[in-house]
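Please have the viewer open, and take the topics in any order you like.

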Amino acid sequence: MILALANQKGGVGKTTVAVNLAAALAERGRRVLLVDTDPQANASSGLGIRVSAERSLYAALVGRVPVEKLLVKTPFGLDLLPSSVELAGAEAEFLELPERERLLQRTLSPLFSRYHFVLVDLPPSLGILTVNGLCASQGVIIPLQCEYYALEGLSLLVRTLRRVREGLNRDLFLFGIILTMYDKRNRLSREVAEEVRRHFRGTVFEEMIPRTVRLSEAPSHGKPITVYDPRGPAAEAFRRLAKEVEERARQEKASG
Ligand code: ADP
Ligand code: MG
């Protein structure tokens, strides 16, 4: 199952969910590839990996290096296709390329059969990199922060998903909404979570990612939370989320 983490808002938890869900799925014995498409490369550095343009997804997208050569085996049981800042020029650079929305799909397709899950971490925009990510994916996971403006911008994202479905990727579907930075002691946080659940019902994952400082510390140690703080509440939340994600993936497959 190929799943993109999408939300054009920055700081909502896309990368945190991508990295830690990938690690939790790997911990369950799944074969997992994490694809970092954000020029800020937070998913890569969060796993302790920094690469130059020639060793990053960029080199594969422009056809300079075969993608297999760029895969990094992490010590956490998952593979990473790392990003680098050169992807920031993608908007302008890809403009001239034929079928520029399908570059990522074409780049990744030889890898798909090797993995149970491919998680694609997207940048905070609705530009060409995000469209490439949506074009290459089967399902979309939308992280929403449990705060007042959670739903702001969501209609624009939903419109983008619809446009991609109509033009580029017919089968793209909303795999699930994940509530992040949940603080059970905070009334607003609880209210937002309830409202989102009322609005989107079964689409929202049961599991919510708690707000904890350990989750914000882990990237600077280059480790997923399941390794940095393996017995903490966030690690346990990601383990339960991984189980839910596997369950949904199984149902999706069964329903065709
Ligand atoms: P995005 O990829 O959507 O921009 P990030 O995952 O990078 O968002 O998260 C933004 C910031 O918030 C980061 O500094 C991250 O460490 C922090 N953060 C994300 N999720 C949590 C959480 N559940 N608890 C505490 N801090 C979090
Ligand atoms: Mg990010």
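**Two loop residues with positive phi**

Met181 sits in the loop that links β7 (173–180) to α8 (187–200). Its phi is near 55 degrees, a positive value in a residue other than glycine. Please keep in mind that this is a predicted model.

- Is Met181 buried or exposed? Met181 counts as buried, because 23 C-beta neighbours lie inside 10 Å, and the cut-off for buried is 20 or more.
- Glu99 also has a positive phi, near 50 degrees, and is not a glycine. Its place is the loop between α4 (90–94) and α5 (103–108).
- Glu99 counts as exposed, because it has 11 C-beta neighbours inside 10 Å and the cut-off for exposed is 12 or fewer.
- As background, most residues other than glycine have a negative phi.

**Strand β6 and its partners**

- Six of the seven residues of β6 (residues 139–145) are buried, so the strand is largely enclosed by the rest of the structure.
- On one pairing, β6 meets strand β1 (residues 2–5) in the parallel sense over three bridges. Here Ala4 stands opposite Val140 in β6.
- β6 also runs parallel to β7, and seven bridges join the two. In this pairing Gln145 stands opposite Thr180 in β7.

**The shell around ligand 1**

- There are 17 residues around ligand 1, and those that come nearest are Lys14, Thr15, Thr16, Leu215 and Ser216.
- Two helices, α1 (14–27) and α9 (213–217), each supply at least two residues of this shell.
- The largest share, three residues, comes from α1.
- Sorted by class, the shell holds nine polar, six nonpolar and two charged residues.

**The chain as a whole**

- The chain has 11 helices and seven strands.
- Its radius of gyration is 17 Å, close to the 18 Å that the globule rule gives for 256 residues, so the chain is as compact as a globular protein of that length.
- Along its principal axes, the C-alpha trace spans about 50 × 40 × 35 Å.
- Of the 256 residues, 46% count as buried.
- How many of the contacts between residues at least 6 apart in sequence join residues at least 24 apart? The share in this chain is 76%.

Methods
Residues are numbered from 1 along each chain as its sequence is written. Chains are lettered from A and ligands numbered from 1 in the order in which they are written. This is a predicted model: local features need pLDDT of at least 70, side-chain atom pairs count only at pLDDT 80 or more; totals for chains, interfaces and linings use all residues. Helices (H or I, at least four residues) and strands (E, at least two) are DSSP runs, numbered from the N terminus. The radius of gyration is taken over C-alpha atoms; the globule rule is 2.2 Å times the number of residues to the power 0.38. Two residues are in contact if their C-beta atoms, placed from the backbone, lie within 7 Å. A residue is near a molecule or strand if its C-beta atom, placed from the backbone, lies within 6 Å of it. Ala, Val, Leu, Ile, Met, Phe, Trp, Tyr, Cys and Pro count as nonpolar, Asp, Glu, Lys and Arg as charged, and the others, Gly among them, as polar. Two strands pair if DSSP finds at least two bridges between them.
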